[in-house]
Amino acid sequence: MWDSDLTAFLEELAADYRGWDGERSWQTNDRDLTVSAVFRSGGHVGLTWTVRPWPRAAGGWSASATTWLEAGEQMTALAADIRRFLSEEHHP
């Protein structure tokens with residue numbers, strides 16, 4: 001299940017376009033999806049999206065992909081797109 005906190009997490013990252021230290025993370029309540037964010041020089045944010053379905057199952061698996069976005073406009077656009085996508089999911 002998607003949690004609207006993902007939108008808030010992405011909006012906070014977009015608002016901090018000047019950067020931050022360390023890693024910031026968000027995850028669903030069941031921990032099937034985790035998003036980790038790091039800020040790098042040059043004003044780019046690395047978002048690592050990790051899927052772990054059935055994390056407690058024996059032989060469970062995970063998959064990750066990292067996307068790099070410009071800290072300002074691209075992060076703002078992503079947050080807006082996710083907000084729109086999640087609101088459409090709940091209101092067909």
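Let me start with a working rule: a polar contact is a pair of N or O atoms within 3.5 Å, where, within protein, one atom must be able to donate a hydrogen and the other to accept it, and residues adjacent in sequence count only if both atoms are side-chain atoms. With that in hand, here is an example: the side chains of T50 and S64 are joined by a polar contact of 2.8 Å.

Before going on, a word on what we are looking at. This is a predicted model, in which local features need pLDDT of at least 70 and side-chain atom pairs count only at pLDDT 80 or more, while totals for chains, interfaces and linings use all residues. Residues are numbered from 1 along each chain as its sequence is written, and side-chain values use heavy atoms, with hydrogens and water left out.

Back to T50, then. T50 sits in strand β3, residues 44–51; helices (H or I, at least four residues) and strands (E, at least two) are DSSP runs, numbered from the N terminus. Is T50 buried or exposed? T50 counts as buried because its relative accessibility is 8%, and buried here means under 20% relative accessible area, exposed over 50%, and partly exposed in between, with a 1.4 Å probe and protein chains only. Leaving out residues up to four places away in sequence, T50 touches D32, L33, T34, S62, A63 and S64, where contact means heavy atoms within 4.5 Å.

V51 is also in strand β3. V51 is partly exposed, with a relative accessible area of 37%. Its contacts, setting aside neighbours within four places in sequence, are D32, L33, W61, S62 and A63. One of these, A63, is the bridge partner of V51 in β4. For a sense of scale, V51 and W20 are 31 residues apart in sequence and 25 Å apart in space, C-alpha to C-alpha.

Now the sheet itself. Four strands make an open sheet in the order β1-β2-β3-β4, with antiparallel pairing; two strands pair if DSSP finds at least two bridges between them. Which strands stand at the edges? They are β1 (23–27) and β4 (63–70), each with a single partner strand, so one side of each is left without a neighbour in the sheet. On average, neighbouring strands of this sheet are turned by 20° against each other, direction ignored. Axes are lines fitted to C-alpha atoms, for helices over the stretch in contact, and angles run from 0 to 180 degrees between N-to-C directions.

Let me walk across the pairs. β1 and β2 are antiparallel over five bridges, and S25 has S36 as its bridge partner in β2. These two strands form a hairpin with five residues between them, and R31 in the turn has a positive phi of about 65°. Next, β2 and β3 run antiparallel and are joined by eight bridges, with V38 opposite G46 in β3. Here too there is a hairpin, with three residues between β2 and β3, and G42 in its turn has a positive phi of about 90°. Finally, β3 and β4 pair in the antiparallel sense over eight bridges.

On to the helix that packs on this sheet: α1 touches β1, β2 (33–40) and β3, and its direction makes about 165° with that of β1. As for β2, it is mostly covered, with seven of its eight residues buried. In α1, the buried residues are L6, T7, F9, L10, L13 and A14. These cover an arc of only 160° around the axis, which puts them on the same side of α1; the arc is that of the directions from the helix axis to the C-beta atoms.

Last topic: how many salt bridges are there? The count comes to three, a salt bridge being a side-chain nitrogen of Lys or Arg within 4 Å of a carboxyl oxygen of Asp or Glu. In one of them, the side chains of R83 and E11 meet at 2.9 Å, N to O. R83 lies in helix α2 (residues 73–90) and E11 in helix α1 (residues 5–15), so this pair ties together parts that are 72 residues apart in sequence. R83 is partly exposed at 43%, and E11 is partly exposed at 33%.

D16 and R24 form another, with their closest N and O atoms 2.7 Å apart. There is also R84 with D81, where the closest N and O atoms are 2.6 Å apart. Both R84 and D81 lie in helix α2, three residues apart, about one turn of the helix.
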